[in-house]
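Biologist: I would like to go through this model one question at a time. Please show it first.

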Amino acid sequence: IYTKGCLSMRTQKCYAVKPNVSEFLDIARRTYTEIVDDIAGMIMQLAEKYSLPMKTSFSSARGFFIQMNADCSILPNGQLPSEFTKITKMKNTYSFTSPDLIKMNERCQESLREIYHMTYLIVCKLLNEIYEHIHCLYKLSDIVSMLDMLLSFAHACTLSDYGKFLL
C-alpha cells in the first residue's frame with residue numbers, strides 16, 4: 001500500500017525488499033523499528049515528567065522532534081525546561097528537541113543507511129540475475145505484442161465486413 005508523508009515514504013523504502021530475503025536486512029529493520037519506538041517512548045516520558053502535552057513529530061529536514069500545542073500560561077515561568085534546544089514557535093505550536101533525541105536521531109539515520117545499503121545490494125544482485133535472461137523477456141514481449149495485434153485485427157473483422165475482402 002502506498003502512503004504519503006516523508007516518514008511513511010521512508011518506512012516504505014525500508015521494506016522495498018520483502019522479509020526473509022536477507023537475515024541481516026531483517027535484523028537492521030528490527031533495529032530501526034526499535035529506535036523509532038524508543039523515540040516515541042522517550043517523548044511520552046518527557047511529556048509525563050513535565051506534565052506537558054508533547055507529541056512525536058517528524059520532518060525530513062529535522063528528523064524526529066517534539067511538538068506541542070500550548071500557550072505560555074501552562075509553561076512553568078512561561079518557558080520550556082532548559083533541557084530542550086532548537087526551540088521554534090509558530091502561533092501556539094512549539095517545536096523543539098533534546099540532546100538525547102538528537103543522539104537517537106543519529107542512531108536512526110545510521111540504521112537507515114545500513115538498510116538502504118543492504119537493499120541496494122539485494123536489488124543489484126536481482127538485476128544481474130535478470131540481465132542473464134533479458135533476451136527471453138524481449139522475445140516474450142515481441143510475441144505478446146504480435147498476439148495483441150492479431151487479436152485486435154480479428155476483433156475488428158468480427159465487428160465489420162472486413163472478412164469479405166479477404167477472399
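Biologist: Is Asp26 buried, partly exposed or exposed?
Modeller: This is a predicted model, so the answer is computed from its atoms. Asp26 sits in helix H2, which runs over residues 23-50. Its relative accessible area is 13%. The cut-off for buried is under 20%, so Asp26 counts as buried.

Biologist: Which residues does Asp26 touch, not counting those up to four places away in sequence?
Modeller: Asp26 belongs to helix H2. With residues up to four places away left out, two names remain: Pro19 and Asn20.

Biologist: Where does Asn20 lie?
Modeller: Asn20 is exposed, with a relative accessible area of 71%. Asn20 is placed in the loop between helix H1 (6-14) and H2.

Biologist: What is the phi of Asn20?
Modeller: Most residues other than glycine have a negative phi. Asn20 is a residue other than glycine, yet its phi is positive. The value is near 70°.

Biologist: And what is the phi of Lys86?
Modeller: Lys86 lies in strand S3, residues 85-90. Lys86 is exposed, at 59% relative accessible area. Lys86 is not a glycine, but its phi is positive, at about 50°.

Biologist: Which residues are in contact with Thr97, leaving aside neighbours within four places in sequence?
Modeller: Thr97 lies in strand S4, residues 93-97. Its relative accessibility is 6%, so Thr97 counts as buried. Its contacts, with those neighbours left aside, are Glu83, Phe84, Thr85, Lys86 and Ile102.

Biologist: How many Å separate the C-alpha atoms of Thr97 and Ile43?
Modeller: Along the chain, Thr97 and Ile43 are 54 residues apart.

Biologist: What is the distance in space between Leu7 and Lys91, C-alpha to C-alpha?
Modeller: Leu7 is found in helix H1. Leu7 and Lys91 are 84 residues apart in sequence. Their C-alpha atoms are 24 Å apart.

Biologist: Which residues is Leu7 in contact with, leaving aside neighbours within four places in sequence?
Modeller: Leu7 is partly exposed, with a relative accessible area of 29%. Leaving those neighbours aside, its contacts are Tyr32, Phe58 and Phe64.

Biologist: Which residues does Ser111 touch, not counting those up to four places away in sequence?
Modeller: Ser111 lies in helix H3, residues 99-131. Ser111 has a relative accessible area of 6%, so it is buried. The residues it touches, by that count, are Ala28, Thr31, Tyr32 and Ile35.

Biologist: How far is the sulfur of Cys124 from the closest cysteine sulfur?
Modeller: Cys124 is partly exposed, with a relative accessible area of 25%. The closest cysteine sulfur is in Cys14. The distance is too far for a bond: 17 Å.

Biologist: What pattern does the protein chain follow along the sequence?
Modeller: The protein chain has four helices and four strands. Read along the sequence, their pattern is α-α-β-β-β-β-α-α.

Biologist: What is the radius of gyration of the protein chain?
Modeller: The C-alpha atoms fill a box of roughly 95 × 40 × 20 Å along the principal axes. A compact globule of 167 residues would have a radius of gyration near 15 Å. The protein chain has 28 Å.

Biologist: What share of the 167 residues counts as buried?
Modeller: The accessible surface of the protein chain comes to about 12,100 Å². Carbon and sulfur atoms hold 61% of that surface. Of the 167 residues, the buried share is 26%.

Biologist: How many Å apart are the mean positions of the positive and negative charges?
Modeller: The protein chain has 18 positive and 17 negative charges. Their mean positions are apart by 7 Å.

Notes:
Residues numbered from 1 in each chain as written. Predicted model: local features only at pLDDT ≥ 70, side-chain atom pairs only at ≥ 80, totals over all residues. Heavy atoms only, no water. Disulfide = S-S within 2.5 Å. Buried < 20%, exposed > 50% of the residue type's maximum accessible area, 1.4 Å probe, protein only. Helix = DSSP H or I, 4+ residues; strand = E, 2+ residues; numbered from the N terminus. Contact = heavy atoms within 4.5 Å. Rg over C-alpha atoms; globule rule 2.2 N^0.38 Å. Areas by Shrake-Rupley, 256 points an atom, 1.4 Å probe, with all protein chains shown as cover. Lys, Arg positive; Asp, Glu negative; His and termini not counted. Charge placed at Lys NZ, Arg CZ, Asp CG, Glu CD.
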